[in-house]
Amino acid sequence: MSLTDNRVVITGAGIVCSLGIGRDEVWDALLSGKTGISSIKGFDPSGFECKSAAQVKDLNPRDLGIHPRDSRIMDTHSYMLMKCARDAFSQAGLDKASIPKEDIGFFAGMGMVDYKAEDLLPSVLKSLNSSGSLNYDMFYTDGYREIYPLWPLSMLNNISFCQVAISLDMRGENTVFSPHADSGAQAIAEGVQTLLDSRAQAVLSGGVSEKISPFSLVRGLLSGILNTSNDLTEPVCRPFAAGRNGTVLGEGCGILTLESHQSAVERGMQCLASATGYNFAFESDEKFPGPSARALGNAMQGALNSAGLKPSDIDLIIAHGDGTISGDKNEILAIHKIFADCIDKVNVFSSKGALGHLLAGAPAVDIILGISMLDSGIVPPTITSSPDSSILFNLVRKPLRMNLQKILINCQSCEGQAASIIIEAAG
Amino acid sequence: MENSVNPDKNHKKRRVVVTGLGMATSLGLHVEESWGKALNGISGISKLTLPFAEKSPVQAVGEVGEKDWQKIQEEFKEESLTEGERRTLFALWAAKNALSDAGISDYGKQRDNCGVALAAGLGINRLEDIQNWINDRNFNIKRFGMEYSRVHRESIMRNNSHRPSALIGKRFGLHGMNCTVTTACASATQAIGIGYRSVQRGDADLMVAGGADSMINPVGLVFFVLLSAAATSSESPQTLCRPFDRKRAGLVMGEGAGIAILEEKSHAVRRGAKIYCEVAGYGSSMDAYQVTAPHPQGRGAEQSMRAALNDAGMNSHDIDYINAHGTSTKLNDAMETNAIKNVFQDHAKNIAISSSKSLIGHLLAASGGPEFVFTVLSTERNKVHPTINLTSPDPKCDLDYVPNMHRSMTVRAALSNSFGFGGQNASIIIIKYHGDEQ
């Protein structure tokens, strides 16, 4: 590679998920076949049809040096984003670099933010009349004053993002996309383009999941994607399995530092991987709140085109593979179609049996897992049960040692968008 | 690796033109009608009509009128039965009108090269979602879990922010990229900026871009009161929003949508589409200062305007009109004025500046949508709508805000600003369309 080529490389990666904090801890757990999915903690899930999730261990705002004044409007998603952004920032040496603050961009996919019942409860109680029903006159005169005045900021998902920008003093190009997995991919694509257009010298890009709460759990249940059987005899989330029965929510975040190859070389930074292609396509499946097989195929084909690759160049697909009946079916059909000429050589991995569905956090987390795979030449096992009999590709269920150079990462929105990203070994 | 992401990048940038406009605000459901009212300085702000809200500290809002709302519901019958948020239907209405204005009405066609970039606001935090599950003065999580299917269709749990954007894609057969931007009050201008860049670099040939929002609900009404940013006076609603005026006392909420069709120039020319204007540049920035207030000197605002000018390859003296963020808050209007002076120096006093919020209120996440529509019309037609209610000049706001009377003037290029809570900023530049000789 010449020093002047304009390819975009990854020079920092921050990851937090149910399997741990940091790339090494997560990788070791993943390789040993662990899953982060277990019974929900933090609130009583016994009334819910889905009682499992992949939750992160408590991140303490004090350990992150966050002032209580600021943490009052933050929550798990904010802490994950803060931790991952700082790790990506420092790993890429941006804390010591002489890059102007105005030339550091920031793009993230972020989920919906839910209030905590206790944030609004005092206000509601103060607005109840003697018969226990809600009286709006009481709410507008006294009730609303029970709400913490800065609470509204905690409801805007861009506020956590801005708190990170303040913490790292990043002032450049930026956007927050919401709220599903495709938004995390959009953030990475926009980061790549911002660098290709020379609108920034370095960019932090990635995404963060929602916090698992009674309200996010209900959002998942209402969308119909969650496993409600609670059969714990086999993995709860079973990507591409014959007996798959829905997905499981997870908490997690991934943030990448992106910059041009030239900038990384000049700064003496190690290139973890290159981001070489992406594409998006939208078409909702008529019977399912996700993308059609056609949209999934268009996203993959477009990503291959933009990277100048043909299907047989891809060594591994990190699938969306969320364990939903229709979502996985559409993805199987799309992979079969796009990779028809080499389908028996296609290896597919999904992280969701181990990490749950990280929504906006999923693409960057999967890319960071992909970096560890490129590093080690090992594909970790997909946590699942007996595969769907229609599958023609190789679903990696045992650690697979192979020569890995090029990885395609898929993700799906619950509203019908498909996104694909390609990363390649830095070389 | 020369052939990596988007081979088109290596060529000259593709030009992006505006070929359709659509909106729904307190000034009406049609672009021409709304523009006419805006030029005449007619305010869309009126007394709140939300039921049971007589005691709301906020009494003046820019509502989409009841008759107009019924018209929208009739147009989108199916969606009006299933969707829980007004913003979703506003978005559909504005998108349909913008597409039809652009001469696109055969929605059955697969359009893989067309996409959507939309701003969406906060969902509705319903007090009833707490109240329904209170037992012994506590929120009963277990019972909530068992009865979750009772959650109201307007609730935030049933309405994710991607819904309006996705419905536009579904309803109108737009099968390219589809994204939702949530950067508070900067959202719509950022969505239009993302749409512009997507077309420019070849990710799409046509993008439906803009924003839709409504926070006229109980928690929404007190949202900015809690943050000390809302105007709560009981004086006449139409004069309450007074950007850049010494007596300005906070933002006045509006609701609605504003959407533009952004199209690759040759794609538009081949279709024989009417071309309003050309998008020339976009820039965004972060204050990295405080989440509760903008940087007092407007550091981020200045940077985003400079970034847009750089992107457009233009000099500061090329700009004739600025559609300001102009929220009617003490902090914003002073810092925005300062930032404009820093960017445009001696030329700042020659620029006509107006705030659409004085007319339609602050559409929050959507605000950049209708403001973009007005900015496009100003550039196409050499007319600028006034900032109304500007009667007591503020020494800190000493530029030309086109007070109270519209102006006919040459608008070669115009810039529209949007700045969001938290400190995210965006600026976009429109120029007159001159065909191929540019």
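Okay, let's start inside chain A: 5 residues of domain 1 of chain A are in contact with 5 residues of domain 2 of chain A. Keep in mind that this is a predicted model.

So where are those domains? Domain 1 of chain A takes in 8-113 + 156-424, and domain 2 covers 117-153. Their C-alpha centres lie 38 Å apart. Between them they bury about 520 Å², with carbon and sulfur atoms giving 65% of that area. On the domain 1 side, Arg72(A), Ile73(A) and Leu156(A) lose the most area to domain 2, together 71% of what that side buries. By class, that side has 4 nonpolar residues, 1 charged and no polar ones. Between these two domains there are 0 salt bridges, and 1 residue pair is in polar contact.

Now the chain-to-chain interface. Here 93 residues of chain B are in contact with 92 residues of chain A. The two chains bury about 8000 Å² between them, 62% of it on carbon and sulfur atoms.

How many salt bridges are there between chain B and chain A? The count is 7. Arg294(A) makes one with Asp112(B), and the closest N and O atoms there are 2.7 Å apart. On the chain B side, helix α9, residues 218-226, gives the most, with 7 residues. That whole side splits into 40 nonpolar, 33 polar and 20 charged residues.

Look for Phe177(A), which stands opposite Val181(B).

How values were computed:
Residues are numbered from 1 along each chain as its sequence is written. Chains are lettered from A and ligands numbered from 1 in the order in which they are written. This is a predicted model: local features need pLDDT of at least 70, side-chain atom pairs count only at pLDDT 80 or more; totals for chains, interfaces and linings use all residues. Side-chain values use heavy atoms; hydrogens and water are left out. Contact means heavy atoms within 4.5 Å. Buried area is the accessible area (1.4 Å probe) that two parts lose on being put together, summed over both. A salt bridge is a side-chain nitrogen of Lys or Arg within 4 Å of a carboxyl oxygen of Asp or Glu. Helices (H or I, at least four residues) and strands (E, at least two) are DSSP runs, numbered from the N terminus. Ala, Val, Leu, Ile, Met, Phe, Trp, Tyr, Cys and Pro count as nonpolar, Asp, Glu, Lys and Arg as charged, and the others, Gly among them, as polar. Two strands pair if DSSP finds at least two bridges between them. Domain bounds come from an automatic or database domain assignment. A polar contact is a pair of N or O atoms within 3.5 Å; within protein, one must be able to donate a hydrogen and the other to accept it, and residues adjacent in sequence count only if both atoms are side-chain atoms.
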